[in-house]
Amino acid sequence: MSAALESRAEVAKLAGLLSVPVERFDALAELSPATLRELREQVTDVLYDSDVGALKRAAAASRHIPPAISATVAQKAFGPLLCARISGLVDTRTAVAVAGRLPTAFLADVSVAMDPRRASDVIGALPADGVIEVAAELARRGEHVTMGRFVGHLDDATIVGCFAVLSDADMLEAGFVMEDKDRLDTIIGLLPAGRLQGIITAAHEDGLWPEALDLFTHVSPARRGELGDVALGQDDAHVEAMLEAVQREDLWDTLADVAATMGPESRRRLRDAAGDRVPAHLRAALGD
Amino acid sequence: MPVPPDPHAALRDALGGVQPPDGVAALDDAVVADLAAAIADARRAEADALAASGEHSLKLLPFPLRIGVKKVLGL
């Protein structure tokens, strides 16, 4: 991914963590991705560790309370923010039993405020059906940053189940902000036939070409070539929209990486469509 | 929003005394001040929510459970 795109994804995650509109942090996008990631981890630590003593006592108390009553307390007294903070401190069996008694909308609220790294065991132990319902609710709310933070903690079967409730645009947006993108290639490999085409169409129709090109760069060369061929197999308007995004975001290096793995017909079409816009140092990669 | 005299110190305070990453030093003071304010606001909101939840939680518990839970909570 280009550093600028990666910084933009990091800014979105930081804004989500602090519950502020992402536009408020526009000026932070000039920081490097590594700086933003370190800053976000510092903020996460200070939010989670501030009242950890009281939260640990509350988590300990939950072991003495029947799950049905804990679920009532969670909703009526704690609220989603504190439930999110406690989620990693409660033992897994108790957490799963309580979560099973909470409504999907509440669990979605909790997910937004959670640091999944601190409750990975709980997330992994939740029934897939419940996780998929929460994923659908998060998608309905446009909470792609939250979805991207959770993907790495779900098994393949649950991810496949989520595909059915997410739009192609949802998947592009969640993939863009996903933590640990090394797994993206495997996830793309799990997509049912036809979804790759849908993702490329979504990139065009929803103005998500930067997100799509980012996706291209995090998959294996074979998959990258496959995605590139699908993209270059679209009509002229699609290809032109992609090139305009590449020009606007200065993603020519990324496009050159994609082009290197595409078939000769796609490379020829790309070269013809891009024309003089291709920077001189990348013309060879495009087959000039 | 007025910019505090030392926005970098305000950010360090908001982060619980931790030194922010080096790159942050290059940001404008107003941007650093706004970031510090956003973090401080989030911390305050969480502390308020936690304080409000304790008493309310106990009221929701059946009486026999309340005594045991109060002990665990150290109340």
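Predicted model: local features only at pLDDT ≥ 70, side-chain atom pairs only at ≥ 80, totals over all residues.
1. The largest nonpolar core. Of the 84 residues in this core, the ones that touch the most other members are Ala135(A), Leu172(A), Ala203(A) and Ala212(A). The element that gives the most to the core is helix H4 (residues 67-86) of chain A, which contributes nine residues. Apart from this core lies another, of 24 residues, and among its members are Leu31(A), Leu39(A) and Leu47(A) as well as Ala42(B). As general background, nonpolar side chains tend to be buried together in soluble globular proteins.

2. Surroundings of Ala212(A). Once its neighbours within four places in sequence are left aside, Ala212(A) is in contact with Leu172(A), Ile199(A), Ile200(A) and Ala203(A).

3. Packing of H13(A) against H15(A). The axes of H13(A) and of helix H15 (residues 221-232) of chain A come within 10 Å and cross at roughly 60°; the two helices are therefore oblique to each other, and their crossing is right-handed. On the side of H13(A) the contact is made by Leu196(A), Gln197(A) and Ile200(A), and on the side of H15(A) by Leu227(A), Val230(A) and Ala231(A). By class, the residues of this contact divide into five nonpolar, one polar and no charged.

4. Chain A as a whole. The secondary structure of chain A comes to 18 helices and zero strands, and the C-alpha trace of the chain spans about 70 × 40 × 25 Å along its principal axes. Buried residues make up 45% of the 288 residues in chain A. Where contacts in chain A join residues at least 6 apart in sequence, 81% of them join residues at least 24 apart.

5. The interface between the chains. On the side of chain B, 28 residues are in contact with 32 residues of chain A. Helix H2 (29-60) and helix H3 (63-73) of chain B each supply at least two residues of the side of chain B that touches chain A, and the largest share of that side, 13 residues, comes from H2(B). The residues of this side of chain B divide into 19 nonpolar, seven polar and two charged.

6. A loop position, Ala29(A). This residue has its place in the loop between H1 and helix H2 (33-49) of chain A. Is Ala29(A) buried or partly exposed? With 16 other C-beta atoms within 10 Å, Ala29(A) is partly exposed, since a buried residue would need 20 or more. Not counting residues up to four places away in sequence, Ala29(A) touches Ser7(A), Arg8(A) and Val11(A). Ala29(A) and Arg268(A), by comparison, are 239 residues apart in sequence and 35 Å apart in space, taken from C-alpha to C-alpha.

Note on methods:
Residues numbered from 1 in each chain as written. Chains lettered and ligands numbered in written order. Core = buried A, V, L, I, M, F, W, Y, C linked by C-beta atoms within 7 Å. Buried ≥ 20, exposed ≤ 12 C-beta atoms within 10 Å, placed from the backbone. Helix = DSSP H or I, 4+ residues; strand = E, 2+ residues; numbered from the N terminus. Contact = placed C-beta atoms within 7 Å. Nonpolar A, V, L, I, M, F, W, Y, C, P; charged D, E, K, R; others polar. Axes fitted to C-alpha atoms, helices over the stretch in contact; angles between N-to-C directions. Parallel < 35°, antiparallel > 145°, perpendicular 65-115°, else oblique. Left-handed = near helix turned anticlockwise from the far one by under 90°.
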